[in-house]
Amino acid sequence: MGPDEEEPGVSAAPAQARERWVAALMRQAPLEFARVVYGLGDRAHGRTGTAAAAAVQRAQQQGLKVTRERAEQRARAYLPVAGHEHCPRCWVLGGAKNLLQMTVVRQEEGLQTARCPHCAAEYVNAP
Ligand SMILES: [Zn+2]
């Protein structure tokens, strides 16, 4: 995808908001690592009904090897590109770079949400 094919909403976002997104998503990566750890622990203890356990199971069913070590490495290596931010949850869980869809919620306040079309995770970026 070239720079001319960007979604208007994303490319129109001021640089400041984009930097804020990158910072917010980078803060999210360690939380996603913790979630993988919970998911692995839940599954190990037979608690398969939790959302974290289900996410781990889905990734494993797709043939991904989900381990605490890999998730930790990916959480540390997570580096979103402004304007092309990828989902920290998908990245930490399986190393997939799924681009987030940004939605402006309240323009005047600069509030945005980002949704991952792959795993349906939602992130909020408020000034
Ligand atoms: Zn995702």
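I took helices (H or I, at least four residues) and strands (E, at least two) as DSSP runs, numbered from the N terminus. Strand 1 covers residues 101-106 and pairs with strand 2 in the antiparallel sense over five bridges. For pairing I required that DSSP find at least two bridges between two strands. The bridge partner of M102 in strand 2 is A114.

Entry 2, basis. I am working on a predicted model, in which local features need pLDDT of at least 70, side-chain atom pairs count only at pLDDT 80 or more, and totals for chains, interfaces and linings use all residues. Residues are numbered from 1 along each chain as its sequence is written.

I moved on to strand 2 (residues 111-115) and strand 3, which pair in the antiparallel sense over four bridges. This hairpin has six residues between its strands, and A120 in the turn has a positive phi of about 70 degrees. Q112 has N125 in strand 3 as its bridge partner, and R115 stands opposite E122 in strand 3.

Which residues of strand 2 make up its covered face? I noted Q112 and A114 there, with L111, T113 and R115 on the uncovered face. In strand 3 (residues 122-125), Y123 and N125 are on the covered face, while E122 and V124 are on the uncovered one.

I checked burial in helix 4 (residues 68-77) and found A71, R74 and A75 buried. Seen down the helix axis, the buried residues fall within an arc of 105 degrees (taken over the directions from the axis to the C-beta atoms), so they line one face of helix 4. On the other side, E69, R76 and A77 are exposed. My cut-offs: buried means 20 or more other C-beta atoms within 10 Å of the residue's own, exposed means 12 or fewer, and partly exposed lies in between, with C-beta atoms placed from the backbone. The cover over the buried residues of helix 4 includes helix 2 (15-44) and helix 5 (88-94).

I read the pattern along the sequence as α-α-α-α-α-β-β-β, with five helices and three strands. Of the 127 residues, 31% count as buried. Among contacts (C-beta atoms, placed from the backbone, within 7 Å) between residues at least 6 apart in sequence, 49% join residues at least 24 apart.

Notes:
Contact = placed C-beta atoms within 7 Å.
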